[in-house]
Amino acid sequence: MVQALLKPSACRRVAVIGAGASGLVAVRELRREGHHVVVYERGIQTEPDLLGRDPERPVVHSSLYRSIRTNLPREVMGFTDHPFVARVDWSIDPRRFPSHTEVLAYLKGFTRDFAIEDMIRFDREVVKAGLLKGGNRSRWRVKTRNTTNGTFLDDEVFDAVVVCNGHYTEPRPAEIPGISIWPGKQIHSHNYRTPEPFNGQIVVLIGSEASAVDISRDIAPVAKEVHDAIRTPGGTTLGKQPGYSNMWLHPMITSVHEDGAVVFADGTSSCAGVILRCTGYKYHFPFLETERIVCVEDNRVGPLYKHVFPPAFAPWLSFIGLPWKVVPLPQFEFQSKWIAGVLSGRIALPSQKVMIEETENFYAELKAAGIPKRYTHKQSEEQFEYNNWLADQSGIPGMEDWKKEMYFATSKNRQARPETYRDVWEDDELVKQA
């Protein structure tokens, strides 16, 4: 059973919250479908709270450290009709795995080429996005304030809201027994920028994902010792790491103590001065008012049909960019095309009942497989089937096979050459296809 197509409309008024990569491509696709779009972007400030625990803190919406380079090759990263190639008019870093400055330059070029900037209201924080009184689920009131001076601005009313505020803003610190009396310094990777502050120190990192791997190798040349605590070793060898005289891999921390000791699950310990948490992020939508119909529980945003539409509010509320362990920009584009087409009446959604049933079945499958709620939006290999499903809904081609092959080739190379995979690879045939 499918919903009746929305009544065709020349223009729906749509609020897009966030002008990162997902917000930018959402604007383009919504405008292509004939909608009137307003984008709210709060901007960037200096963040004093290094663990991200103070709810009143000024928030930095960037987690970029000086040495960061992409962990995917540029060939797979770009939007369909705007490939991420080094161009003379904006390119800063032509390497295949470029720095974050190159990614920013690419997005600025995309914004300029598709004339998006005039649609963005910078320095505007959304403090509330909720239904108009009366229960009409196709009318949303958005309240904003000036990020710089805190002045509240006039409310605006929209037919739909698309949430694109990202999920690398609100740190998710791990709970550590004894941390309240531990005397050292704590920092989340969100606020890491350069290795120099860790010169001569003993540093314990928590985490095994890309940020922990990159940061541990970034600070090893200056730190006295680097100890990385991970939850699931898998095929990784614990102990001193090859190629380093001062780096060790441990099982997870069990406790910390007043004398500075950090104790690991295997009984070993280190007297550290810094704990650097590479523990990921929480989905966070403090501005969204849905009477708790949509909520975040153990880092699951739900209920959401296909990670995008809450059945109770579809299609008037949607989310872009929630899945992780994905190639982000192409997926943002597929999600944006689907949302834009549904809002214009060109694409039909299933009935609310069917969307609820399919979403509940998906959650039940995760539970039966022993997958915690916090991994609901983790995709990895599943992303390609998901992207192709989105493409099919929009009547467009899915991801090219070479992109999928390049993704897995890069993953394999990263495991084999964690230090050099960004500069040494063996998939030149795929590069030629790209």
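This is a short tour of the model, stop by stop, with what to select at each one.

**Before you start**

You're looking at a predicted model, where local features need pLDDT of at least 70 and side-chain atom pairs count only at pLDDT 80 or more, while totals for chains, interfaces and linings use all residues. Residues are numbered from 1 along each chain as its sequence is written, and side-chain values use heavy atoms, with hydrogens and water left out.

**Stop 1: colour by confidence**

Colour by pLDDT (the predictor's confidence in each residue, from 0 to 100). The protein chain has a mean of 89, and 90% of its residues reach 70 or more. Now pick residues 45-63, where pLDDT is below 50. Beyond near neighbours in sequence, that stretch still has 51 contacts in the model, a contact being heavy atoms within 4.5 Å.

**Stop 2: the sheet**

Switch to cartoon and find the open, parallel sheet of five strands, ordered β3-β2-β1-β7-β22. Its edges are β3 (120-122) and β22 (317-319), each pairing on one side only. From one strand to the next, the twist averages 20 degrees. Strands here are DSSP runs of E with at least two residues, and helices are runs of H or I with at least four, both numbered from the N terminus; two strands pair if DSSP finds at least two bridges between them.

Zoom in on β1 (residues 13-17) and β7 (residues 160-163), which pair in the parallel sense over four bridges. Val16 has Val162 of β7 as its bridge partner.

**Stop 3: the cores**

Show side chains for Phe285, Phe309, Leu317, Phe319 and Trp338: within the largest nonpolar core, of 79 residues, these touch the most other members. Helix α5 (residues 328-344) supplies the largest share of this core, eight residues. A core here is a set of buried Ala, Val, Leu, Ile, Met, Phe, Trp, Tyr and Cys residues joined through side-chain atoms within 4.5 Å. Phe319 is worth a click: its contacts include Val163, Phe285, Val301 and Ile339. Then hop to a second, separate core of 16 residues, with Ile215, Ile219, Val226 and Cys278 among them.

**Stop 4: Asn299**

Select Asn299, in the loop between β20 (295-297) and β21 (300-302). Is Asn299 buried or exposed? Asn299 counts as buried because its relative accessibility is 10%; buried means under 20% relative accessible area, exposed over 50%, and partly exposed in between (1.4 Å probe, protein chains only). Polar atoms of its side chain lie 3.0 Å from the backbone oxygen of Tyr281 and 3.0 Å from the backbone nitrogen of Tyr283. Other residues that Asn299 touches include Arg172, Lys373 and His377.

**Stop 5**

Most residues other than glycine have a negative phi, and most peptide bonds are trans. Go to Gly302 and Pro303, joined by a cis peptide bond with omega about -5 degrees; Pro303 sits in the loop between β21 and β22. Pro315 is in the loop between β21 and β22 too, and its peptide bond from Ala314 is cis, with omega near 0 degrees.

Next is Lys325, in the loop between β22 and α5, with a positive phi of about 60 degrees. Finish at Ser380, between α6 (352-368) and α7 (382-394), where phi is near 55 degrees. Ser380 counts as partly exposed because its relative accessibility is 23%.

Terms used
Axes are lines fitted to C-alpha atoms, for helices over the stretch in contact, and angles run from 0 to 180 degrees between N-to-C directions. A polar contact is a pair of N or O atoms within 3.5 Å; within protein, one must be able to donate a hydrogen and the other to accept it, and residues adjacent in sequence count only if both atoms are side-chain atoms. Lists of a residue's contacts leave out its neighbours within four places in sequence.
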